[in-house]
Amino acid sequence: MYTAEGKFNKHSIIEQYYPLVRRQAFNLKVKLPAGVDVDDLIQAGVEGLLSCVDRFDPDSGVAFSTYAHQRIRGAMIDELRSRDWLPRSVRRSGRELEQTIRKLEQRLGRPPEEREIAAELNIDLGDYHQLLLDTNNGLVLSYDEVISETPGNESNGDEDAEPEAQIGNAQLKQLLIEAIDMLPEREKLVMTLYYQEELNLKEIGAVLDVTESRVSQLHSQAIKRIRARVATD
């Protein structure tokens, strides 16, 4: 991995870590709409890998493999965000839904049920479920990335961030943990299976004995509950 001069050998690094780049790209692809090209994710991942060569500090106490893993995925997420492929109308609907959930939770003192959210939006339950599916197409975020997408938080989770930003991010992480803990049990289980156990939607559906689209709805609803709660605290 190093040259005779003791520097990183970029060709060797790409050769060694390319399988990891491909694996991360395909793992991410299954969560995305069909129009996203996996080759574009791989290219972004390779660029993220190469950026590690210039930014990695051997004295940081972090293994290069760990650092590279984070940077590769981060580069792919950045590529998706830069394209802004989710229509503005859908993004707007998603924000309105989060605001509705926030308002209902404050009023009721508990997580609102689906029928209550639909009624507040003045739509029937079927239309509400479709709204969850539509807005879920843009959700490729991990727990930490949910934090960085929360309104008012400008930190990108970079370890090079200023100490004040790191403290703020730590506080948001604690709020996130509390928000997840307050999810309805089925939604909490979906989040656990999806992010921690890394099951796909079809596999989670088999565990819960529901359709894949229903899992997608539950996942979308859970993310919106989390974002609504974190944004208010």
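Select asparagine 122 to start. This residue sits just after helix 5 and takes a positive phi of about 65°. The model you have open is predicted.

**Helix 5 and helix 6**

Now select residues 114–121, which are helix 5, and residues 125–136, which are helix 6. Their axes come within 9 Å and cross at roughly 95°.

Show side chains at the contact. From helix 5, pick Glu114, Arg115, Ile117, Ala118 and Leu121. They meet Leu125, Tyr128, His129, Leu131 and Leu132 of helix 6. By type, the residues of this contact are seven nonpolar, one polar and two charged.

Stay on helix 5 and colour by burial. Glu114, Glu116, Ile117 and Ala118 are buried there.

**The largest nonpolar core**

Next, select Tyr17, Val21, Leu41, Leu49, Phe64 and Met76. Within the largest nonpolar core, which has 22 residues, these touch the most other members. In soluble globular proteins, nonpolar side chains tend to be buried together.

**The second core**

Move to Leu183, Tyr195, Leu218 and Ala222. They are among the 18 residues of a second, separate core.

**Leucine 183**

Centre the view on leucine 183. Where does leucine 183 lie? Leucine 183 is in the loop between helix 8 (163–181) and helix 9 (185–196). Is this leucine buried or exposed? Its relative accessibility is 5%, so leucine 183 counts as buried, the cut-off being under 20%.

Show what surrounds leucine 183. Leaving out residues up to four places away in sequence, leucine 183 touches Lys188, Met191, Ala222, Arg225 and Ile226. Of these, Ala222 is also named in the second core.

**Zoom out**

Finish with the whole chain as a cartoon. The chain has 11 helices and zero strands. Along the sequence, the pattern reads α-α-α-α-α-α-α-α-α-α-α.

Switch to the surface. The chain exposes about 13,000 Å², and carbon and sulfur atoms supply 47% of that area. Buried residues make up 42% of the 233 residues.

Residues 24 or more positions apart account for 65% of them.

Notes:
Residues are numbered from 1 along each chain as its sequence is written. This is a predicted model: local features need pLDDT of at least 70, side-chain atom pairs count only at pLDDT 80 or more; totals for chains, interfaces and linings use all residues. Side-chain values use heavy atoms; hydrogens and water are left out. Axes are lines fitted to C-alpha atoms, for helices over the stretch in contact, and angles run from 0 to 180 degrees between N-to-C directions. Helices (H or I, at least four residues) and strands (E, at least two) are DSSP runs, numbered from the N terminus. Contact means heavy atoms within 4.5 Å. Ala, Val, Leu, Ile, Met, Phe, Trp, Tyr, Cys and Pro count as nonpolar, Asp, Glu, Lys and Arg as charged, and the others, Gly among them, as polar. Buried means under 20% relative accessible area, exposed over 50%, partly exposed in between (1.4 Å probe, protein chains only). A nonpolar core is a set of buried Ala, Val, Leu, Ile, Met, Phe, Trp, Tyr and Cys residues joined through side-chain atoms within 4.5 Å. Accessible areas come from the Shrake-Rupley method with a 1.4 Å probe; for residues, only the protein chains shown count as cover.
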